[in-house]
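Hi,

Here is the structure I promised to pass on. Have a look through it first, and then read my notes below.

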Amino acid sequence: MSESFTKGMARNIYYGGSVFFLLIFLALTFHTTKEMPQRDHRENLTESVARGKALWEDNNCIGCHTLLGEGAYFAPELGNVYTRRGGEAGFKQFFSGWLKSQPLNIPGRRQMPNFHLNDQEINDLAEFLKWTSEMNVNNWPPNIEG
């Protein structure tokens with residue numbers, strides 16, 4: 001390497017690095033768009049799942065809970081709550097009972113508010129959580145209890 005670092009050398013490093021990282025970004029974007037349809041099982045989206053997602057957003061559930069690692073860490077991760085709480089066998093019964101019994105008023109424990117959802121809304125939210133639990137998320141969360 002020469003004794004002096006010239007403006008031309010700096011410019012070449014800048015432009016070369018910019019092009020290199022732009023190519024990396026484009027390759028990763030292409031890879032993601034190719035992989036996502038295989039991972040998110042979008043063919044299983046239903047009106048009930050869409051309504052459940054809308055309820056999730058309208059009630060700001062992500063303000064306390066995380067879903068697939070995104071959100072607040074005040075309350076448990078719900079990306080795997082469907083499988084944790086019985087799956088097909090008993091999740092909807094558990095989930096309905098849980099939502100209707102809030103707040104539990106246990107001293108020293110975090111309290112979840114009662115959103116006064118009707119049975120259809122609870123079913124839609126349960127369908128949304130079921131749909132998220134069936135996504136290929138590379139074994140997230142690492143802890144079964146979220």
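**What I found**

H4 and H5 are oblique to each other, because their axes cross at roughly 125°, and angles from 65 to 115 degrees would be needed to call a pair roughly perpendicular. Before going further, please keep in mind that this is a predicted model.

To place that pair for you: H4 is residues 91-100 and H5 is residues 119-133, and their axes come within 10 Å. The crossing of H4 and H5 is right-handed. On the H4 side, the residues that meet H5 are Phe91, Lys92, Phe95, Ser96, Leu99 and Lys100. Their partners in H5 are Asp119, Ile122, Asn123, Leu125, Ala126, Glu127 and Leu129. Sorted by class, the residues of this contact are 7 nonpolar, 2 polar and 4 charged. If you wonder about the spacing of those numbers, remember that an α-helix has 3.6 residues a turn, so residues three or four places apart point the same way.

H5 has another contact to look at, with H2. How do the axes of H2 and H5 cross? They come within 7 Å and cross at roughly 100°, so H2 and H5 are roughly perpendicular to each other. H2 brings Ser48, Val49, Arg51, Gly52, Lys53, Leu55 and Trp56 to the contact. H5 answers with Gln120, Glu121, Asn123, Asp124, Leu125, Glu127, Phe128, Leu129 and Trp131. By class, that contact has 7 nonpolar, 4 polar and 5 charged residues.

Now for the start of the chain. Helix H1 runs over residues 7-39, which is 33 residues. At 1.5 Å a residue, H1 should span 48 Å, and its end C-alpha atoms are 47 Å apart, so the two values agree. The unreviewed UniProt entry marks residues 12-30 as a "transmembrane region". In the model, that span is 100% helix and 0% strand, and its end C-alpha atoms lie 27 Å apart.

Most residues other than glycine have a negative phi, and most peptide bonds are trans. Histidine 41 is not a glycine, yet its phi is positive, at about 40°.

Which peptide bonds are cis? One of them runs from glutamine 102 to proline 103, with omega near -10°, and proline 103 sits in the loop between H4 and H5. Another joins tryptophan 140 and proline 141, with omega about 0°. Proline 141 belongs to the segment after H5.

Cheers

Definitions and conventions: Residues numbered from 1 in each chain as written. Predicted model: local features only at pLDDT ≥ 70, side-chain atom pairs only at ≥ 80, totals over all residues. Heavy atoms only, no water. UniProt positions renumbered as here; feature names shortened; annotations may be inferred. Helix = DSSP H or I, 4+ residues; strand = E, 2+ residues; numbered from the N terminus. Axes fitted to C-alpha atoms, helices over the stretch in contact; angles between N-to-C directions. Parallel < 35°, antiparallel > 145°, perpendicular 65-115°, else oblique. Left-handed = near helix turned anticlockwise from the far one by under 90°. Contact = heavy atoms within 4.5 Å. Nonpolar A, V, L, I, M, F, W, Y, C, P; charged D, E, K, R; others polar. Expected span 1.5 Å × (residues − 1).
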